Each structure stands twice: as C-alpha cells, then as structure tokens.
Amino acid sequence: MARRKSFIYLIIALVIVFLLALEFFLPALMANILKDYLRKEADAIAYINVKLDSFPAIKMLRGKIDQADIEIKGLSINNLYLDKLDLQYRDVFMKEGGFTGRNTGLEAIITEEALNNYIQAKFPELEAFQLQIRPEQVALEGRISIFEMLLEVQLSGNFAVSDQREVYFIPDNFRVENINIPVNLLKAYIEGLDFSFNLEDLNIPLALDEIKLYSGYAILHGGE
C-alpha cells in the first residue's frame, strides 16, 4: 500500500515538473517560431524581441497565446525602412503561414530619410523628389514629367490612414512654374501617382489608426 502511494506521489510530482517545464520552455519556443516567421516575411530585421504569455502555457501547444509583445528595430520591407516597430496582441492563434489576433497596440517610427529612399525606389516618375516632414505638414518638392514636359513642383499636405494598414499622402497646396495646364488636372495627376506605403508584406494583423508628424520623422500609432 505504501509502495502504491509512493508511486502515485511520484507520478504527481513528475506531472507537476512537466507542467512547470512547459511554463518555462513553451513561451520561449513559440517566441522563436514567431521570430523566425517575421524574419522570413521581412527583407531584413536588425533586432527583434518577442514575449509571449499564456496560462496555462500548455495552450500554446494548440497555437493559442493570450498576449504577445513584439519589439522590432531596423525593419526593412519592400524598400521601406522603419527605425522601430512595437506591436501588442491579444487572443493570438498561431497557424501555418502566420498568425491571427487582435492588434491592441502599434507604434512605428519612420524617418524623412527612409521615406525619401522609398520614393526613389518605388516612384521613378517622381524625379529628384525630396520629402520634408514638419510638425504641421509634409512637403514634397521635385520634378514631374507630364505631357512630355518636365515641371518643377512644390507640394504640401499631410498623411492619412486608410483601412488601418495604408498611409497615403494627400496634397492640399502646391506651386508649379507658369504653365497652361489646368490646376485641377495637375492635382489629379499628382494624386493619381498614389504615393503611399504600408506594412502588408509582413502578413500580420495590423490596426493602424493615425500618424503624427515631428521634425524629420513621423510616428505611426494604432491598436484596437
């Protein structure tokens, strides 16, 4: 009888040790899987840190995660460079080829220099364009080719968020050298260039709400 009780106690102790081991190792294991996924989706990541939390941790074996905190620095994706990207998620479900979840927090920093490099790479028709980020507005200056004419153009406007994923430029004022092209036609042409950027290539849930301007950089904010 005593031997049987000792065996039962041993089994209970082993189960407890096993569950404690899962609490310690599973979050780190799943975090590494998520890191590998994000590195695969991005062109480059200088630094990434992922913290996962679930109780009990054994839920992670089924891909369920209560909370995820992701910190990324030096993210390059599709010619776009972010100095920093911080993300928070709840009710995460990891699956093959990505994950789902509620993006409860988002903060990203993008510099004026990074956006200028993006413009040169993605919009060759915006020849020698330079962008300046100021606290009150965004300014664009350069040359565009329209109706076989090369025009010097100065625009000012702001960024707006679309569908919680895309940031695009809305011109509200511009100057151009003396020409005989209707102003509305020129404005329609510029808006038709669709100068925008997004993080869709990361293939992760995002809830981008607003973008705030500072001197030389902008901060993207979001979260459900």
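In which sense do strand E10 (residues 208–214) and strand E11 (residues 217–222) pair, and over how many bridges?

Mentor: Please keep in mind from the start that this is a predicted model. Strand E10 and strand E11 pair in the antiparallel sense, and the pairing runs over 6 bridges. Together, E10 and E11 make a hairpin with 2 residues between them. In the turn of this hairpin, Gly216 has a positive phi of about 90 degrees. Within the pairing, Ile211 stands opposite Leu220 in E11.

Leaving aside residues up to four places away in sequence, Phe197 touches both Ile211 and Leu220. The other residues that Phe197 touches on this count include Leu80, Ile110, Leu115, Tyr118 and Phe159. Arg165, Glu166 and Val167 are also among them.

The structure holds 9 aromatic pairs. One of them is formed by Phe159 and Phe197, whose ring centres lie 6.0 Å apart and whose planes meet at 80 degrees, so the pair is edge-to-face. The reasoning rests on a cut-off: planes over 60 degrees apart count as edge-to-face. This pair links distant parts of the chain, for Phe159 belongs to strand E7 (residues 149–162) and Phe197 to strand E9 (residues 196–198), 38 residues apart. Both Phe159 and Phe197 are buried.

A second pair is made by Phe169 and Phe195. The ring centres of Phe169 and Phe195 are 6.2 Å apart and their planes stand at 50 degrees, so this pair is tilted. Here too distant parts of the chain are linked: Phe169 is in strand E8 (residues 166–176), while Phe195 is in the loop between helix H3 (183–192) and E9, 26 residues apart. Phe169 has a relative accessibility of 11%, and Phe195 has a relative accessible area of 7%. Buried means under 20% relative accessible area, so Phe169 counts as buried and Phe195 does as well. Ring pairs join Phe159, Phe169, Phe195 and Phe197, together with Tyr118 and Phe123, into a cluster.

Helix H2 (residues 112–122) deserves a word here, and one of its residues is Asn116. With a relative accessibility of 7%, Asn116 counts as buried. Apart from neighbours within four places in sequence, Asn116 is in contact with Phe129, Gln130 and Leu131.

Pro56 lies in the loop between strand E1 (44–53) and strand E2 (64–77). The peptide bond from Phe55 to Pro56 is cis, with omega near -5 degrees. As for side chains, the charged end of Lys73 sits over the ring of Tyr47, 5.6 Å from the ring centre.

Turning to the loop between E2 and E3, one finds Asn78 there, and Asn79 has its place in that loop too. Asn78 has a positive phi of about 50 degrees, although it is not a glycine. Asn79, also not a glycine, has a positive phi of about 70 degrees. Asn78 is partly exposed, with a relative accessible area of 33%, and Asn79 is partly exposed at 44%.

Finally, the hairpin may be set within the whole. The protein contains 3 helices and 11 strands, and along the sequence they follow the pattern α-β-β-β-β-α-β-β-β-β-α-β-β-β. Of its 224 residues, 40% count as buried. Among contacts between residues at least 6 apart in sequence, 51% join residues at least 24 apart. The accessible surface of the protein comes to about 12700 Å², and carbon and sulfur atoms account for 52% of that surface.

Technical notes:
Residues numbered from 1 in each chain as written. Heavy atoms only, no water. Helix = DSSP H or I, 4+ residues; strand = E, 2+ residues; numbered from the N terminus. Buried < 20%, exposed > 50% of the residue type's maximum accessible area, 1.4 Å probe, protein only. Contact = heavy atoms within 4.5 Å. Areas by Shrake-Rupley, 256 points an atom, 1.4 Å probe, with all protein chains shown as cover. Phe/Tyr/Trp six-rings, centres within 6.5 Å; stacked < 30°, edge-to-face > 60°. Lys NZ or Arg CZ within 6 Å of the ring centre and 35° of its normal. Pairing = 2+ DSSP bridges.
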